[in-house]
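Here are my notes on the model you sent over. Have the coordinates open while you go through them, and start with the backbone.

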Amino acid sequence: MEAKIVRAEEQVIAPSTKKGRLKRDLKRMNSQKYLQIMALLGMVWMFIFNYVPMYGLIIAFKEFSIISTIREAPWVGLMQFKEFLQDENFWTVLKNTLGISLIKLIIGFPLPIIFALMLNELTSLKFKKMVQTITYLPHFLSWVVLGGILTTWLSDIGIINDILLNLGIINERISFLAEPQYFWGIVIISDIWKEIGWSAIIYLAAIAGVSTELYESSTIDGANRFQKMWHVTLPSIRPTITILFILAVSGVLNSNFDQILVLRNALNESASNVIDIYVYQMGVQNARYSYATAVGLLKAIIAFILLYTANRITKKLDGTSLF
C-alpha cells in the first residue's frame, strides 16, 4: 500500500519537476539568446559546408564526369578504390605520407610540451613574453610566405649554405630542395619551427590551472624544480596531453598540404608525393574526380579508425578520452 502511494506521489511530482526544469532551461536560453544565435549560425554554417557536401561522396562509387550529373554517372562500385590500391604510386605515396607524419608525431608532439615546461620555469615575466611572441609569430605567416623564405634560404646561394660552409660542415654548395634525401628533414624541421610556439600555448594554459598548493606541498617535501615538473606539472596536464595526442594520431595521414605544395618540385617528387598531393593531382589537374574522391574517402575512413582506436586505448590506460 505504501509503495503504491510513493509511486502515485512520484507520478504527480515528476511532471511538475519536468515542467520546472523546462521553464528554467527556457529562461536560461532567453537570457543567453545572443550567444544562442551565434551558436546557431555556426551550426547552420557547419551543416551547409560540412554535411551537405557529403552527398558528393557518392561519386567515389561512380564514374563521374562534369558533362553529366551525379545521378546520371554510371555506378562502378569499389573499382576506384581497387585501382588506387593497385596503382604503381600507391606504396610511394603511402611511404612518404606515413614517414613524414610519424616522424612529426614522434618528434614534433613532445617538443611543445617540453617548451611549455621550460617557459613555465622562467622567472622573468618580460623575457617569458618576449620568447612566447618570437616563437609563435611564425604561426601567423602562411606557408606561401614561409615557402618563399625557405626556398631562398635553402638554395645553393642561400644563407644556409653560407653558414654550413663557414662552419666547415660541407665542402661545396648544395641545393637542398633539389635533393630528395633532404626533403623530409626540411618539412619536419620547418613545421616544428612554425608551430612549436603556438602549440605550447595550450599546454601553458593547462599549466596555469595547476593548483599552487601542490607546488607548495612539493617544496615542503624537498622537491627541486625538475621533480616538481615531473611529479606535479606533468600529471596535472596529462588529460590535455592525452586529448591532443588522440587528435594527433587521427591526423597521421595528413601531411600539411600547403607546406608540401610550396616546397615540392620535380626534382624532389619521389620524396614529396604524399596522399594530399596525389589527390590534388588526380582531382584538380587530371580531372579524375571519382578517383580522387575515392582516395580521399579511404583516407578519411582510416583516420576515423585511428581516432577510434587511439581513443579506446587511452580510455583504458588513462581514463581520458574524447568520447
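1. Ala 287 is partly exposed, at a relative accessible area of 39% (buried is under 20%, exposed over 50%, partly exposed in between, with a 1.4 Å probe and protein chains only). You'll find Ala 287 in the loop between α15 (275-285) and α16; helices here are DSSP runs of H or I with at least four residues, strands are E runs of at least two, and numbering goes from the N terminus. What stands out is the phi of Ala 287: positive, about 60 degrees, although the residue is not a glycine. For background, most residues other than glycine have a negative phi.

2. Before going further, keep in mind that this is a predicted model, so local features need pLDDT of at least 70 and side-chain atom pairs count only at pLDDT 80 or more, while totals for chains, interfaces and linings use all residues. Residues are numbered from 1 along each chain as its sequence is written, and side-chain values use heavy atoms, with hydrogens and water left out.

3. Asn 256 also deserves a look, with a positive phi of about 60 degrees despite not being a glycine. Asn 256 belongs to the loop between α12 and α13 (257-263). Its relative accessible area of 24% makes Asn 256 partly exposed.

4. Asp 318 and Arg 238 make another salt bridge, at 3.1 Å from N to O. Asp 318 sits in the segment after α16 (289-317) and Arg 238 in helix α12, so this pair ties together parts 80 residues apart in sequence. Asp 318 counts as partly exposed at 25% relative accessibility, and Arg 238 is partly exposed with a relative accessible area of 46%.

5. The salt bridge between Asp 162 and Arg 173 has an N to O distance of 2.7 Å. Asp 162 is in helix α8 (residues 159-167) and Arg 173 in the loop between α8 and α9, so the parts tied together are 11 residues apart in sequence. Asp 162 is partly exposed at 29% relative accessible area, as is Arg 173 at 40%.

6. Points are joined across faces, edges and corners, and a volume is the space filled by probe spheres set on them.

7. The largest pocket has a volume of about 740 Å³. Of its 24 lining residues, Gly 108, Phe 109, Asp 191, Ser 199 and Ala 248 are the closest to the centre. The elements giving two or more residues to this lining are α4 (90-108), α5 (110-120), α9 and α12 (238-250), and α9 gives the largest share, 8 residues. By class the lining has 13 nonpolar, 8 polar and 3 charged residues (nonpolar being Ala, Val, Leu, Ile, Met, Phe, Trp, Tyr, Cys and Pro, charged being Asp, Glu, Lys and Arg, and polar the others, Gly among them).

8. The second largest pocket comes to about 240 Å³. Its lining includes Trp 153, Phe 176, Tyr 182 and Trp 193. Two or more residues come from each of α7 (143-153) and α9, with α9 giving the largest share, 6 residues. This lining divides into 9 nonpolar, 2 polar and no charged residues.

Methods. On a 1 Å grid over the protein atoms alone, a cavity is a set of points where a 1.4 Å probe fits but cannot get out, and a pocket is an open set with protein on both sides within 12 Å along at least five of seven lines; lining residues have an atom within 4 Å of a point. A salt bridge is a side-chain nitrogen of Lys or Arg within 4 Å of a carboxyl oxygen of Asp or Glu.
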